[in-house]
Amino acid sequence: MHFMAYVILAISVLLNRVYATEPERMLYANHWMIIEDEIGAYGKLTLDHINNRLVATHNEANTVDFFDIKRNELFVRVSVGAAVDSVYSAVLGNYYISTSKNRIAIISGKTCKLTGFIAVPDKCGEMCLINGLKKLLVLNPKGNSVWIIDLISRKIISEIHLGGRPRCIQLNDVTHLAYIGLPSEKEIICIDSQNLSVVSRMPTAAVAAQSLALDTKNDCLFVAGVDGNLAELNLTNGRVLSLIEIPQGVLQICYDNTLKRIYCASPDWLIVVNENTGTMMIIDRIYTATGATNVAVDLKSHAVWTTFTDGEDSYAKSYAPSIFLDDRMRY
């Protein structure tokens with residue numbers, strides 16, 4: 001065999017060994033969308049599975065941005081002020097956007113046009129929809145409380161004082177229990193959203209709660225702290241099942257109940273955590289971008305989305321496990 005042929009064969013064998021031993025990534029780059037000439041940090045990210053829309057609160061741009069994840073394109077941007085969080089009511093056909101300007105914006109789900117506001121006494125925090133009751137639970141960080149807002153009368157009808165500054169909230173639609181994170185107290189407050197009473201208070205060990213994600217099947221709550229900890233709580237007895245270190249600066253997490261993965265969005269890195277019978281373990285770290293500190297998962301396609309800016313343009317970008325990659329994806 002010619003000398004060069006030996007060289008080529010040797011290189012080929014070496015490369016095959018390298019690639020064969022390289023571990024498979026848990027996520028790979030999938031679809032992405034761009035808003036040209038737009039900068040500024042994004043806030044919380046949500047996914048409207050009914051209308052197949054990614055809803056991104058662009059708090060520095062004073063807009064909420066709607067992305068069509070079926071067409072893979074920006075649908076519309078709506079000016080509402082400094083947006084904080086979003087929910088969609090299929091019963092009323094509206095999006096409700098909490099803002100830091102003492103009001104909640106109402107946007108038509110059909111036209112995505114601003115139709116009005118709900119006035120509140122102070123800046124809003126995160127919120128959740130009480131399904132079937134046409135009511136919202138809205139965090140009032142400055143007042144250390146949560147407002148209950150009737151979406152028909154568009155008024156605050158009750159207020160529950162929490163004894164600490166609330167940061168995040170999740171609602172279990174089956175049990176009607178809402179879980180609110182109090183970072184300063186390092187605890188979770190459980191509220192019955194039907195009779196509007198405090199049920200229990202659960203310590204979160206070393207975690208100052210910044211974001212929550214629910215595993216409704218196993219009645220567990222994942223609690224992430226910006227200080228670099230992730231805890232799994234058993235909601236039946238309030239015990240911490242597992243506690244692991246994650247990168248600092250995680251502002252939002254989400255949970256894929258089919259794959260049993262918690263996705264944690266930190267500056268520069270998307271952390272993939274596997275959960276198995278009360279035990280958590282980091283199984284991958286995906287490089288994203290410095291501003292990609294929010295995350296939402298499409299439970300149909302298992303695509304994981306984040307939004308960020310590179311200082312010149314803004315982006316919505318998704319990642320997916322290899323078996324769920326879209327053949328039509330764009331780079």
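Because the model is predicted, local features need pLDDT of at least 70 and side-chain atom pairs count only at pLDDT 80 or more, while totals for chains, interfaces and linings use all residues. Residues are numbered from 1 along each chain as its sequence is written, and side-chain values use heavy atoms, with hydrogens and water left out.

The largest pocket holds about 1,200 Å³. Here a pocket is an open set of points on a 1 Å grid over the protein atoms alone, where a 1.4 Å probe fits and protein lies on both sides within 12 Å along at least five of seven lines; lining residues have an atom within 4 Å of a point. Grid points are joined across faces, edges and corners, and a volume is the space filled by probe spheres set on the points.

In the largest pocket the lining comprises 40 residues, and L47, H49, Q170, L171 and D173 lie nearest the centre. Several strands (DSSP runs of E, at least two residues, numbered from the N terminus) each supply at least two lining residues: β2, β6 (83–89), β10 (127–130), β14 (168–172), β18 (209–215), β22 (252–256) and β26 (296–297). Strand β14 gives the largest share, five residues. By class, the lining splits into 25 nonpolar, 10 polar and five charged residues. In this scheme Ala, Val, Leu, Ile, Met, Phe, Trp, Tyr, Cys and Pro count as nonpolar, Asp, Glu, Lys and Arg as charged, and the others, Gly among them, as polar.

The second largest pocket has a volume of about 470 Å³. Its lining has 24 residues, with N59, V84, G125, E126 and R167 nearest the centre.

Now for two loops. N52 sits between β2 (45–48) and β3 (53–58), and C112 between β8 (103–108) and β9 (114–119). The phi angle of N52 is near 55°, positive in a residue other than glycine, and phi of C112 is likewise near 55°.

Next, the strands. D215 belongs to β18, one of the strands that supply the lining of the largest pocket. D215 is buried, with a relative accessible area of 2%. Leaving aside residues up to four places away in sequence, D215 touches C220, F222 and Y255, where contact means heavy atoms within 4.5 Å. A polar atom of the D215 side chain also lies 3.3 Å from the backbone nitrogen of K217; a polar contact is a pair of N or O atoms within 3.5 Å, one able to donate a hydrogen and the other to accept it, and residues adjacent in sequence count only if both atoms are side-chain atoms. Y287 is 72 residues from D215 along the chain, and their C-alpha atoms are separated by 26 Å.

Finally, T306 lies in β27 (residues 304–309) and is buried, with a relative accessible area of 4%. Which backbone oxygen lies 2.7 Å from a polar atom of the T306 side chain? That oxygen belongs to N294. With residues up to four places away in sequence left out, T306 touches L45, A292, T293, N294, Y315, A316, K317 and Y319.

Notes. Helices (H or I, at least four residues) and strands (E, at least two) are DSSP runs, numbered from the N terminus. Buried means under 20% relative accessible area, exposed over 50%, partly exposed in between (1.4 Å probe, protein chains only).
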